[in-house]
Amino acid sequence: MRETDIVSARCRVALLGFGTVGAAVARRLTGSESGPPPAFHLTHIFDRRAPQKRALLPAPGVTWTTSIDEVLHSGADIVVEAIGGVEPAAGWIRAALLAGTSVVTANKQVVARDGADLLTLAARQGRQLRFEAAVGGAMPIVRAIGEGLAGDRITRLTAILNGTTNAVLSQMEATGSALDDAVEDARALGYAEADASADLDGHDARAKLAILCGLAFGLRVDPLQIEARSTAAISQADFARARERGATIRQIAYADYDRTTRLLTAWVAPIEVAEGSIFARTAGPQNAAVITGVHSGETGIFGAGAGGDATAVAVLGDIAAIAKDRSAIVPSPALSRDFRVRSSDFRLDCRLDIPALVEAL
Ligand SMILES: NC(=O)c1ccc[n+]([C@@H]2O[C@H](COP(=O)([O-])OP(=O)(O)OC[C@H]3O[C@@H](n4cnc5c(N)ncnc54)[C@H](OP(=O)(O)O)[C@@H]3O)[C@@H](O)[C@H]2O)c1
């Protein structure tokens, strides 16, 4: 095979957004880091500050642009959306699918709000929409639920889904520091943004939990239906009380679904978890989840929940999955709106009915 044939056989990828995640994806796709040349060809990078940023990536074959239309008409096989926020990102994902391009996104807000509609559009267009990076960073929970455990009936999800809050709480536990100081440390390490309130207040985790409820239970859950209790007021006194009971504190995202009564229990909150459990052992910006199924019992999963390089792993995995079978059509889920939601009347010290796997680990 000639060199030109190899290049044209590569999957052509265009990237929207050259920030934390986008830059890490671009580095991997251009092989500007060590490793063998990638099987993909990064053709375009779209960013509002493309002229200033192009010097950051030495990649001669890449076109930098501030024109979304140039990307949409570029003939790319896959558009990677790493812009963030709801709009214009959602509109651009829709436009890419309508232009006949498969899409990989890291955007939990868009997937939580429009995921079902976009998946339907993708299937209608004979293209794919993949979003592993939108939940859990490098922890492959979307695939675990959507594919690996697809043969089971999932009844419960218990998870740490926000790396920033986990970094803050595990730092408070380890050093005895106040929450504000732990947030500062998380910022210094690049684990927290300038405004960490969406993380601490549970809004980030509930968007991810809403996505998982769609995958696991087939429900169309609006993130606002999920009660989120803030972690912002957790103090060292709370940790001391937890320690007396052989526990520590983590922000847990929880959902269980009773298919008979169509009752979804879902919440995000800081709660006590047993010392030695998978959740207590989840430190720094890590994520973890225990998925409970009727036949499979409890399946645990653990991994890097945030960071550009870790998140790029999930994006690259989605790109590889599409490249492997570009004609594959992922059936769009028929998500039900026919259910009731409740939170629970738990308190911080109310020990969750934690799955046995968690207690055992
Ligand atoms: N960071 C993580 O650890 C992580 C983990 C999992 C998922 N995610 C998700 O990944 C996505 C990207 O996150 P990120 O951390 O990489 O964000 P980021 O660092 O802010 O990067 C976003 C990039 O998009 C550019 N951009 C924003 N709005 C634009 C617009 N209207 N037109 C053109 N360019 C625009 C930004 O330009 P400027 O530089 O000018 O702002 C920036 O380069 C989000 O959906 C996020 O939730 C992030």
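In this predicted model, strand 9 (residues 247-258) is largely enclosed by the rest of the structure, because 10 of its 12 residues are buried. Burial here means a relative accessible area under 20%.

Strand 9 has two pairing partners to consider. With strand 7, which covers residues 154-160, strand 9 pairs in the antiparallel sense over four bridges. Within this pairing, Leu157 stands opposite Ala255 of strand 9. With strand 10 (residues 263-274), strand 9 is joined by 12 bridges, and these two strands also run antiparallel. Here Ile249 has Glu272 in strand 10 as its bridge partner.

Strand 9 and strand 10 together form a hairpin, with four residues between them. Arg262 lies in the loop that separates these two strands. Although Arg262 is not a glycine, its phi is positive, at about 55°. Most residues other than glycine have a negative phi, and most peptide bonds are trans.

Pro88 is found in the loop between strand 4 (78-81) and helix 5 (89-98).

Among the helices, helix 11 comprises 15 residues, 203-217. The distance from its first C-alpha to its last is 20 Å, close to the 21 Å expected at 1.5 Å a residue. Because 13 of the 15 residues of helix 11 are buried, this helix is largely enclosed by the rest of the structure. Helix 11 is followed by Gly218, which has a positive phi near 70°.

The ligand remains to be described. It is surrounded by 22 residues, of which Val21, Asp47, Arg49, Lys53 and Gly307 are the closest. By residue class, this shell divides into 10 nonpolar, seven polar and five charged residues.

Definitions and conventions
Residues are numbered from 1 along each chain as its sequence is written. This is a predicted model: local features need pLDDT of at least 70, side-chain atom pairs count only at pLDDT 80 or more; totals for chains, interfaces and linings use all residues. Side-chain values use heavy atoms; hydrogens and water are left out. A residue is near a molecule or strand if one of its heavy atoms lies within 4 Å of it. Ala, Val, Leu, Ile, Met, Phe, Trp, Tyr, Cys and Pro count as nonpolar, Asp, Glu, Lys and Arg as charged, and the others, Gly among them, as polar. The expected span of a helix is 1.5 Å times one less than its number of residues. Buried means under 20% relative accessible area, exposed over 50%, partly exposed in between (1.4 Å probe, protein chains only). Two strands pair if DSSP finds at least two bridges between them.
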